[in-house]
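Q: I am new to this structure and would like a close look at one part. Could you walk me through the sheet and the helices that pack on it?

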Amino acid sequence: MEKEILNLIESSSRILIITHVNPDGDTLGCASALKTYIGTKADILIQIKDNFNFPNTYSFLPHINNSKNLSNLNDEYDLIIAIDTASKDRIIDKAKNIFEKCQNTIVIDHHKTNSGFGKINYIKGGISSTGEVLFDLFEKLNIEISPDMAKGLYSAILTDTGCFKYESVTNHTFSIASKLSNIINTSEIADLCYTNKPKNLILFQNYLVSNAVFCLNDKIAYTLITKEIIEKYNAKDEYTEGICETLRSISGVEIALVLKETNNGVKVSIRTKEIDATIIAGKFNGGGHKRAAGCTIKEKINTACDILLKEAKALV
Ligand SMILES: [Mn+2]
């Protein structure tokens, strides 16, 4: 299949690389590496939805600043590659139409739930990151990794593994990181990824952590993100990422909850240690993974908090 992908890339004259909606370091890093490899005949598409801001953190990645967006995209592509995109729903609006009409499509991904929506599906479910999948693909094809490609691949792996912390990290992941460290300065990349955050993001997150409520001997920790607070800090959607994880990281906390007021109900993030987070999310038609799940409750934030806490308390 690797050869088939290479042949398709070589025989196509206009290629679009699609990153998933509201992109993260994995999808952007991979898109950057792939575009660097393919060259001028490839464009990158970045899709932004709702109150999400393009994560400027990643503008150091080669070619990312010259990406297409949903408003200046045309449909002249004969090959589309969706990268780190778990399902077709992660491609929106005009881009979805273009994807569906395109004669050749490739999906490169690592999500276990990806059922394969491309003509060619290069999906390695359970691998740490699409960065790792893409590195292996390049290696199998004997494609030399340039420093610019290594920047993207390393950023993708670093950010999607939570700096090599998650269970999906294997000795193979480390061996790739080791190879990349021969090509680029890894601590420089880590600095670019992690020490370049907007001031408001840190102030907003600190407020939410400082105002967290603890109950049942600290077994449950939760914090409420009201519209008022969002406005006060001019917080973008992505600013809430990581708060639930911070609460979960506190010793003794078994269930961490973040409730966020939106126009479509209260969005809930659930992070747990031993308890199955999907049990709580499932009560409200949500889902996710054992330690990280989410749901939406169509109530006022205080009511949502009460009913959510009732379910959480029943499990500890
Ligand atoms: Mn990913």
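**A close look at the sheet**

A: Happy to! The model is a predicted one, where local features need pLDDT of at least 70, side-chain atom pairs count only at pLDDT 80 or more, and totals for chains, interfaces and linings use all residues. Residue numbers start from 1 along each chain, following its sequence as written.

Strand β1 (residues 15–19) runs parallel to β2, and 4 bridges join them. Strands here are DSSP runs of E with at least two residues, helices are runs of H or I with at least four residues, and both are numbered from the N terminus. Two strands count as paired if DSSP finds at least two bridges between them.

Stepping back, the open sheet has 5 strands with parallel pairing, in the order β2-β1-β3-β4-β5. Because β2 (42–45) and β5 (120–123) are at the edges with a single partner strand each, one side of each has no neighbour in the sheet. From one strand to the next, the twist averages 15 degrees; angles run from 0 to 180 degrees between N-to-C directions, with axes as lines fitted to C-alpha atoms, for helices over the stretch in contact.

Now for the helices. Helix α2 (residues 25–38) lies across β1, β2 and β3 (79–83), at about 165 degrees to β1. Helix α4 (residues 130–140) also packs on the sheet, where it touches β3, β4 (105–109) and β5, and its direction makes about 115 degrees with that of β4. Residues are in contact here if their C-beta atoms, placed from the backbone, lie within 7 Å.

Key. Two residues are in contact if their C-beta atoms, placed from the backbone, lie within 7 Å.
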